[in-house]
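Okay, thanks for making time this morning.

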Amino acid sequence: MKKKTIAGLLIIVLLVSVSSLGFAATFTDVEGHMAADYINEMADRGIISGYGDGTFLPDANVQRCEYAKMLTGVANLPVSDGNATPFADVNVDEWYYPYIRAVQPYLNGYTENGTMYFHPEEYATREDVTVALMKALRYDLSSYYYIENLLVDKFVDYESVSPHNRPYIAAAVDKGYITGNTDGTFRGKDPITRAEISIILCRAFPPSVEIVAGLDPNNTDENNAVNPKLTAFFLDVGQGDSAFIELSDGKTLLIDAGTKSAGEKIINFIRGRGHSHLDYVIATHPHADHIGSMDQVLSAFSVGALYMPEASADSQTYQRMMKVIDEKQIPVFTPIPLQTAFISGMQTGVFLSPAPQFFTDLNNQSAVLKLTYQNTAYLFCGDAEEAAEIQMLSFGSMLDSDVLKVGHHGSSTSSSEAFLAAVTPIYSVISCGRANSYGHPSDQTLMRLAAIGSQVFRTDLQGTITIASDGSGFETAAER
């Protein structure tokens, strides 16, 4: 039997009067409205505004650009003027440009025929608003990844909610930020009204709580991390790729798993660090030097979420990995550009690639992740080559990163001059095998990295590379 306790309280709970806020109506069409106190509270804080004729239009729908401004203001997101836009329909001269750039990691755009769009003047949907809100709050969703048929006990139309968005919706409902309708539905694709958005934002960012940018004001969990810094280990797995990252809040991230022969080394390293669980795993693309031992690793640890592109391979390596994923029922998500992979403590992982599906080359289907921690950033490029790099250049300053996991083992087909000029890495890590038959890394790539003044680390020469961040600076080490 489905629970409808929450879903049936749309009017009673979501629009309950909050006379404790005590604001007098300031708009001619708001007095007497069930959301009046919320509306006036958010207006008083400068988050929303009315119109020149004194009206607020509480039942009008909210455009995506309007929500971008509201969320930027209430969550105190940093605004950058900039001079580049990744969206074909967002001009830098538009009033909403700075706000859309500010919410990029939280409010996704759309990929259509190889071009990125934001659709700024379309209506924001209930699903849009809720997901972006929980991302901006950096809410920990890890406990929701293990629930089968998530939302089935909350909404009769739960299947209409995108699977990768269900954890955000479930968490928001549990926190009381949003509810369903009296008929037991959520209707995530429906537009949201100005009254509803006032209620949701006021509940998520109450006036009695001092909001710190990007933090969940209700999250008081202690940090029990093995290492209080964000520490990235670029593992020496020969001619392959594997990076294991300890986030500052104790969560773990694995990007790729080298060749089949690297499985034992990767597993022992992670266990040696005191971990038995992987919160996030990324299989950048289905080449054997990146997923060769992924089946072994997935079998050895419990996994919260696995990200992998839609690209597949006709290989036993790929089939072994998929078999373990199916047997363990690991949640799998498909990365898309500007999609937030996770928000964990002060860390945010955002995908910048794979580019649209017209790329037939598996290297250019690599999932590229930008991982930020306070004022520092890492960029993990998989085997992305110049075609994918050109696509990512449309993201402008979002590419700027301190640490670069160099694409395709330092091949000459990756790390183009324009791409490196946009990333401007202080440190660059090349993962490759000693005296490998591919000639990685290429002299051209090494010269391009030298030209921008990046310090280069190589696993073939120095073994496992460690680059740790405290949020403002780095410590590096190499150990064979």
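So, let's start with helix α3, residues 64-74, and helix α5, residues 126-136: their axes come within 12 Å and cross at roughly 25°. Axes here are lines fitted to C-alpha atoms, for helices over the stretch in contact, and angles run from 0 to 180 degrees between N-to-C directions. That makes α3 and α5 roughly parallel, a label that covers angles under 35 degrees, with over 145 being roughly antiparallel, 65 to 115 roughly perpendicular and the rest oblique. The crossing of α3 and α5 is right-handed, meaning the near helix is turned clockwise from the far one by less than a right angle.

Before I go on: this is a predicted model, where local features need pLDDT of at least 70 and side-chain atom pairs count only at pLDDT 80 or more, while totals for chains, interfaces and linings use all residues. Residues are numbered from 1 along each chain as its sequence is written, and side-chain values use heavy atoms, with hydrogens and water left out.

Who touches whom? On the α3 side we have Arg 64, Tyr 67 and Leu 71, and they meet Asp 128, Val 129, Ala 132, Leu 133 and Ala 136 of α5; contact means heavy atoms within 4.5 Å.

Now the other pair. Helix α2, residues 36-44, packs with α7 at about 70°, axes 8 Å apart, so α2 and α7 are roughly perpendicular. Their crossing is left-handed.

Last stop, Thr 193, in the loop between α6 (166-175) and α7 (194-204). Is Thr 193 buried or exposed? It counts as buried, at 16% relative accessibility, the cut-off being under 20% relative accessible area, with exposed over 50% and partly exposed in between (1.4 Å probe, protein chains only). Thr 193 and Asp 59 are 134 residues apart in sequence, yet 5.3 Å apart C-alpha to C-alpha. Besides Asp 59, Thr 193 contacts Pro 58, Ala 60, Asn 61 and Val 62, again leaving aside neighbours within four places.

How values were computed. Helices (H or I, at least four residues) and strands (E, at least two) are DSSP runs, numbered from the N terminus.
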